Each structure stands twice: as C-alpha cells, then as structure tokens.
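Visitor: I am new to this structure. Please show me how to read its features.

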Amino acid sequence: MKIEHKFMEEGQLVAVLDGEKNEGSDHPGREDSNKESPNKEDLNRKDPGKVRRKFSEASGKALDRIWTTSWVKEGISPDVEKRASEAVEAVSELRNITDKILIVSGGATARAIAAVLKATDYERTSVSAEDKGKCLMTGNSLSTSEYKKILDELRGKKFGMIAISCESEPVEEIAACATAEKLIRDRHGAEELDQRITVITGKRGRYLPEMASRGAASLRMLSDDISDANFAGSDGFLIPLAAAGVDVAGFLSGFKSMLASTIWDLDGDRYGICMAELALEGGSEDITFWQEEMSETAEWLCSLHRRAGVDSRTVYAPGESMYLRESAFQTHIFCADEDVDIMTPVFPGASREGTLSMLAAEKQEELFVGTGNKSERMRFTTENCKAYSMGEAMAFFQLSNEITMDILENEETESRS
C-alpha cells in the first residue's frame with residue numbers, strides 16, 4: 001500500500017510522507033518510544049508543531065502497548081497457513097450443508113467484515129461459482145425492505161447463520177438473530193440449530209452467549225481485549241471471511257506484512273496522530289473513495305473515527321466531491337488496479353488511455369494534488385482489491401486507529417490529574 005501525506009506550507013503543497021510497502025521489522029514501535037512526553041504545562045495548544053511532537057512521542061508508547069494485544073500477536077504469528085486452514089475448517093460443515101449463510105453483526109464489526117467481502121467479491125466469484133452470493137449480511141438495520149430482500153433470497157434455500165458481537169448487542173442485531181433462529185428452527189428443526197448457527201462473541205456479549213447456553217448455537221469466544229475497534233484480523237474475524245470464500249491465507253499474509261512493516265519505526269504513525277489531533281480539536285474529516293469496491297472500507301474507517309470523536313463522513317467521488325468541506329482533513333482511498341476495466345469511446349473529458357480506470361485515476365490525482373484545495377490530506381493506494389492488499393489496508397487503518405485511541409486515553413488521563 002502506498003501512503004502519501006500532503007499539506008499547505010507557505011502557499012505550496014508539500015509532501016511529507018511517501019511510502020511504499022516495506023519489509024518486515026522485529027517490532028512496530030518507534031525508536032523514540034521510551035522518551036518521556038513533555039509535561040502538560042509545557043504543551044501550548046496554539047503551536048501545532050508542539051502538539052504533533054508530543055503526540056509523536058506518545059504514539060511510540062502506544063505502539064509498545066498495542067504490541068501486547070491479542071489481535072497484533074495473532075496478526076504477526078508465523079503460522080499464517082495454520083490460522084487460515086483452521087478458519088476454513090471451522091466453517092466447512094456449515095458451507096457443505098447450506099446454500100446460503102447469513103452473517104449477522106452490527107456496528108464497526110459488521111463494517112470490517114463487509115469491507116473485505118465487498119472489495120474481494122470479484123476475486124472470489126471469478127474463481128468459484130459456489131461463492132457467488134453464498135453469504136448475506138444483516139444486523140445493522142431495522143429496515144423492513146432489507147429484511148424482505150433477505151427473506152426472498154432465503155426462500156426455499158438451506159441456510160445457516162454466523163452471528164458476531166464484540167460488545168453488548170444492539171436491538172437491530174438481536175432482531176436479526178432472533179428472526180434467523182426462528183426461520184432455521186422452523187425449516188430445519190431444533191435438533192440442527194447448533195449445526196447451523198455459530199456465534200462468535202466476547203466477554204461483553206449478552207444475547208449471543210445466551211443463545212449458545214440454551215443449545216441454539218455453537219459458541220466461539222473472542223479474546224477478552226477484542227472490541228469493535230480491533231476485530232479485524234482476529235481469529236473470529238477470519239471465520240465469516242472463510243465462509244464467504246475469501247482467500248484467508250492471502251488476507252493474513254497482507255495483514256502480517258503491514259503489522260511487521262518498518263514504516264512503524266518511521267512515520268507510519270502519522271495518520272493516527274492526525275486523527276488524535278482532529279478528535280481533540282473537534283475537527284472534521286472527509287473520507288473520499290472513487291470505486292464501489294472501496295465503499296465499505298470507507299464506511300468502516302468512518303465508523304472508527306466517529307467513535308474516536310472525529311466528525312467523519314464518506315464522500316463518493318467524483319459526484320460528491322463538490323461537497324468536500326473546506327476545513328476538513330481529507331482521507332483519500334484508491335485502488336490502483338481494479339479487477340476489471342472498461343474501454344471507453346472518445347468523449348469530452350475522456351482519458352487519453354481510453355479506459356474507465358485511467359479516467360478515474362487521472363481525476364483522483366487532480367483532486368488530491370489540486371492547489372486550490374488547502375486542506376491537509378493523506379492518500380492510501382492499494383495495489384488491487386485482492387485479499388492480500390485488503391489485509392495490508394485493514395491492518396494499517398486498524399493500527400492507526402488504535403494509536404489514535406491510545407493517545408486520546410492518555411490525554412484524558414492527564415487532564416484529570
């Protein structure tokens with residue numbers, strides 16, 4: 001994944017970070033992670049440079065702490081093939097006895113799963129016809145039209161459910177779980193419930209553990225430190241990916257590569273620092289994406305940053321680019337090589353290369369480097385939308401958000417002391 005950071009300085013657009021994919025590192029922490037942060041009294045919030053320097057030092061300590069979490073430990077595990085095969089094995093029976101699998105989850109957890117499924121859809125369905133439409137997602141809505149669409153998809157089909165909660169389940173997820181359980185009971189009988197329903201939850205779950213305790217589902221527990229904000233890459237996250245036919249080994253390889261990258265020894269934490277600044281200042285962020293495959297990735301990132309306190313929203317360019325806020329930090333997400341392309345005829349504004357993907361790339365570049373736009377911005381370009389590239393992207397954004405949250409928690413602690 002290529003990362004670029006640009007901001008205005010003395011009227012000129014300046015690039016301060018331009019990194020490609022890096023080789024592995026023994027530790028993701030920065031070299032200055034043991035330095036003491038300046039006292040709160042020394043921090044002058046009118047000096048952005050001083051704030052950023054303080055946060056840069058704080059992020060090193062954040063990385064040291066994050067290194068001890070279960071999702072990072074699992075993510076850098078050398079047993080990529082073993083973890084992938086275990087996830088595939090966990091859903092093999094469910095895949096064999098069903099035509100459709102309903103994935104029920106809510107909040108950022110659902111967005112994280114949807115991000116990978118949406119981006120890798122073409123890769124999966126072009127390889128195996130059985131994976132086309134195998135999984136349906138719900139649990140984030142109380143829309144009757146959405147329910148009807150799903151029920152129509154399930155009519156006459158053998159199906160099962162994977163229900164996931166990292167935290168206490170909201171009513172919309174409970175409604176979806178209860179409805180699906182009744183349908184499975186009515187269609188396949190109570191004796192098949194634990195074969196057809198798998199629940200993945202943690203210590204903060206309420207409804208899903210209760211389902212398992214009464215024999216309505218098989219249970220898989222998440223590590224105690226897994227939450228909505230760091231679910232991606234965990235063992236529980238791999239199960240719905242495997243159910244949908246995602247290349248789990250490829251995803252894990254990309255995920256591991258990013259966690260072990262040397263960028264974390266350099267300026268890889270810059271995005272997390274920027275988001276911490278925005279959250280403390282009550283700032284805003286526009287997350288711009290150009291390809292439909294990246295829509296759920298943008299929505300997932302938006303949900304993480306809103307939880308952190310940033311006024312974040314997604315912008316689907318080019319149609320919505322006119323609504324970019326002048327004062328908002330800009331996050332640009334772009335896929336360099338889509339799975340398909342379309343040759344275009346000659347028309348006003350067409351790309352000289354004569355393809356739709358090149359036209360999108362040209363317009364995206366114009367928006368990112370536009371000198372009339374003074375907003376600070378960062379661009380994240382994935383090589384493609386395959387599982388490996390999505391593993392890289394998910395690891396980067398999740399680790400960046402963990403840095404943001406750690407800095408904010410540290411600031412809150414200091415303000416109380």
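Visitor: Is D286 buried or exposed?

Guide: Buried means under 20% relative accessible area, exposed over 50%, and partly exposed in between, using a 1.4 Å probe and protein chains only. D286 is buried, with a relative accessible area of 0%. Some ground rules come next. This is a predicted model, where local features need pLDDT of at least 70, side-chain atom pairs count only at pLDDT 80 or more, and totals for chains, interfaces and linings use all residues. Residues are numbered from 1 along each chain as its sequence is written, and side-chain values use heavy atoms, with hydrogens and water left out.

Visitor: What is the average pLDDT of the protein?

Guide: pLDDT is the predictor's confidence in each residue, from 0 to 100. The protein averages 88, and 88% of the residues score at least 70. Take care with residues 21–46, where pLDDT stays under 50. For that stretch the model has 66 contacts beyond four places in sequence. Contact means heavy atoms within 4.5 Å.

Visitor: With which residue does R313 form a salt bridge?

Guide: A salt bridge is a side-chain nitrogen of Lys or Arg within 4 Å of a carboxyl oxygen of Asp or Glu. R313 pairs with D286, and their closest N and O atoms are 2.9 Å apart. The pair links distant parts of the chain: R313 sits in strand 9 (residues 311–316) and D286 in strand 8 (residues 284–289), 27 residues apart. Helices (H or I, at least four residues) and strands (E, at least two) are DSSP runs, numbered from the N terminus. R313 is partly exposed, at 27% relative accessibility.

Visitor: How many salt bridges are there by this rule?

Guide: The count comes to 24. One of them joins R307 and E167, with the closest N and O atoms 3.3 Å apart. R307 lies in helix 13 (residues 295–308), and E167 lies in the loop between strand 5 (159–165) and helix 7 (171–188), 140 residues apart. R307 is partly exposed at 42%, and E167 is partly exposed at 23%. R196 and E192 also meet in a salt bridge, at 2.6 Å from N to O. Here R196 is buried at 6%, whereas E192 is partly exposed at 24%. A network of salt bridges links E181, R185, E210 and R214.

Visitor: Which residues does I287 touch?

Guide: I287 is in strand 8 and is buried, at 0% relative accessibility. Leave out residues up to four places away in sequence, and I287 touches A298, L301, C302, H305, S312, R313, T314, V315, T331 and I333.

Visitor: At roughly what angle do the axes of helix 13 and helix 15 cross?

Guide: Two packed helices are described by the angle between their axes and the distance between the axes. Axes are lines fitted to C-alpha atoms, for helices over the stretch in contact, and angles run from 0 to 180 degrees between N-to-C directions. The axes of helix 13 and helix 15 (residues 387–416) cross at roughly 10° and come within 10 Å. The two helices are therefore roughly parallel; angles under 35 degrees count as that, over 145 as roughly antiparallel, 65 to 115 as roughly perpendicular and the rest as oblique. Among the residues making the contact are W300 and L304 of helix 13 and F397 and M405 of helix 15.

Visitor: How many residues of helix 10 are buried?

Guide: Helix 10 (residues 235–243) has 8 of its 9 residues buried, so the rest of the structure largely encloses it. F237 and L241 are among them.
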